[in-house]
Amino acid sequence: MANLSIRTAVLTYQDALHLARRATFHPSLTLARMLEGKTPSAAVDILLGMGSTPTPPPWADLPPNFTNLQDAYRQWGELQAWWMQHTLTVPSLREKMVLFWHNHFTSDYITVYAAQYMVRQAKLIREKAFAFRDLAEAMIGDPAMLVYLNGNLSLKGNPNENFGREWFELFTLGVGNYTEQDIVEAARAFTGWRLTGSSSAYNPQFADLGPKTILGETGNWEYPDVVRITLATQACRLFIARKLYRQFFEYNPSPDTLAQVAQVLQLADYDLTSVLKTLLTSEHFYDLDLRGALIKSPADLAIGLAAMTSTTNVHPGFTQSAMTGLNQEPFYPPTVEGWKGHHSWITSSTFPLRQRYAESYMDGRYGTSSTLLTDVAGAPIAPDLVALAKQFADHNDAEKLVAHFADFLLAVPTSAQQRAILLEILLAGAPIYEWDVDSPAAKNRLKLLVQAIVRMPEFQLM
């Protein structure tokens, strides 16, 4: 059984880093030190209160133009840059949940085509990121979802079952907790939605308002009734509990732990502000055995690297390109099942790419090419590792500085042997007493140290 009782002890520096790694894309020294010394409850309140609403692209409210391929292509790139720029610069638990729900209620820009619909969906997810019940209901009539799963083609007398099937299988219950007849009946209840310009509207005249039996309940159900009936089931609570647990704790929860999280969801009626406060302030969340139990997504890797090195002003095209190369292109999940995550992030091809990206980033370069990293204005940028080193106490003590960098960049403790090797890399044969962070050689020595750390397999964990 997981200990979900509230932890009252204040956060240590390592606790604060753990919370920042799991609950945001920004495990920076600044954020960790902001959370350090706070109670878990106060720290989570800080994260819940952070964030802002991005200004939408100038074309976001224009009706989609389905005949101008050049505009559509340009808008897709601007859409990705818009999201990436905001996520790079805004450390927030809400932004973590935006990507979480985008991977849950999936849609992709190739199928949807209209970038306006994707901006609208992202806005919807951001607004309702902590209210699953409201988000689930709103997704039924979301324009991007209507296109992606053919809800805009669903009429009374001729319902399309695509959304109804995914509603049960991927969005709420999981395989084995519904019947084919439930899909048929739910599809009838989901009729009535039509696209109107860049928005959508529900018209009861196009909806099937007749009697239906869904998950054992009979009535003249419409789409809000399907939400109510579905979310009242234990299967739904367990399904969402598993997703949340895999996002914030570890990938394989025990049945007992899953039941506990499901009970938290039931008591909170899917209010995720309350649910996440319970989970992220629990003794279980800070269990040392859970440190490093998750594999970084490409978003965690690319955005986190920028945050850790105080280079969140990097041009969003570099982090977007890195995510794409590592199989997590923004707004383009591979299938309706979304990105599977965890072990699927690491393959024989993506692991060396992750290492090269992180290693080159410390050089101010992109990947294995000679392309220099730049900011939005096009000026070259690179991590200032000397400035980062000076943020640690005892930065002129080489041994302690190595430990500081390892503790900051890695979610798991290093062994004495690993630290000894890292110390050798930093010193490059010089005696330990000669280390001086202000020496001309310090910049390059620190770069080699950090490059060695980000090449370690442990750097892929969080």
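This report covers the overall dimensions, nonpolar core, aromatic pairs and selected contacts of a predicted model.

## Overall fold

The protein chain contains 22 helices and 4 strands. Along the principal axes, its C-alpha atoms fill a box of roughly 85 × 55 × 40 Å.

Of the 462 residues, 54% count as buried. The chain exposes about 18700 Å², and carbon and sulfur atoms supply 54% of that area. When contacts between residues at least 6 apart in sequence are considered, 72% of them join residues at least 24 apart.

## Nonpolar core

In soluble globular proteins, nonpolar side chains tend to be buried together. The largest nonpolar core of this model has 150 residues. The residues with the most contacts inside this core are Leu 19, Met 97, Trp 101, Phe 132, Trp 167, Phe 405 and Leu 446.

Met 97 shows what such a position touches. With neighbours within four places in sequence left aside, Met 97 is in contact with Ile 125, Ala 129, Phe 130, Leu 244, Phe 248, Leu 272 and Leu 276.

## Aromatic pairs

A pair of aromatic rings is described by the distance of the centres and the angle of the planes. The whole structure holds 26 aromatic pairs. Phe 132 belongs to helix α8 (residues 132-140), whereas Tyr 270 sits in the loop between α14 (255-268) and α15 (272-280), so the pair ties together parts 138 residues apart in sequence. Phe 132 has 0% relative accessibility and therefore counts as buried. Tyr 270, at 2%, also counts as buried.

Phe 285 and Tyr 286 form another pair, with ring centres 4.9 Å apart and planes at 85 degrees, so this pair is edge-to-face. Both Phe 285 and Tyr 286 are buried. Ring pairs also link Phe 100, Trp 101, Phe 105, Phe 132, Phe 163, Trp 167, Phe 171, Phe 190 and Tyr 270 into a cluster. Among the members of this cluster, Trp 101, Phe 132 and Trp 167 are also listed with the most contacts inside the largest nonpolar core.

## Charges over rings

Arg 194 lies over the face of Phe 206, at 5.3 Å from the ring centre. Lys 296 lies over the face of Phe 459, and the distance to that ring centre is 3.6 Å.

His 102 is part of helix α5 (residues 93-102). Its relative accessibility is 7%, so His 102 counts as buried.

Residues up to four places away in sequence not being counted, His 102 touches Ser 107, Met 118, Gln 121, Ile 125, Phe 331, Tyr 332, Pro 333 and Trp 339. The C-alpha atoms of His 102 and Pro 330 are 9.4 Å apart in space, while the two residues are 228 apart in sequence. Ile 125 is a contact of His 102 and also of Met 97.

Terms used
Residues are numbered from 1 along each chain as its sequence is written. This is a predicted model: local features need pLDDT of at least 70, side-chain atom pairs count only at pLDDT 80 or more; totals for chains, interfaces and linings use all residues. Side-chain values use heavy atoms; hydrogens and water are left out. Rings of Phe, Tyr and Trp (its six-membered ring) pair if their centres lie within 6.5 Å; planes under 30 degrees apart count as stacked, over 60 as edge-to-face and the rest as tilted. Helices (H or I, at least four residues) and strands (E, at least two) are DSSP runs, numbered from the N terminus. Buried means under 20% relative accessible area, exposed over 50%, partly exposed in between (1.4 Å probe, protein chains only). A charge sits over a ring if NZ of Lys or CZ of Arg is within 6 Å of the ring centre and within 35 degrees of the ring normal. Contact means heavy atoms within 4.5 Å. A nonpolar core is a set of buried Ala, Val, Leu, Ile, Met, Phe, Trp, Tyr and Cys residues joined through side-chain atoms within 4.5 Å. Accessible areas come from the Shrake-Rupley method with a 1.4 Å probe; for residues, only the protein chains shown count as cover.
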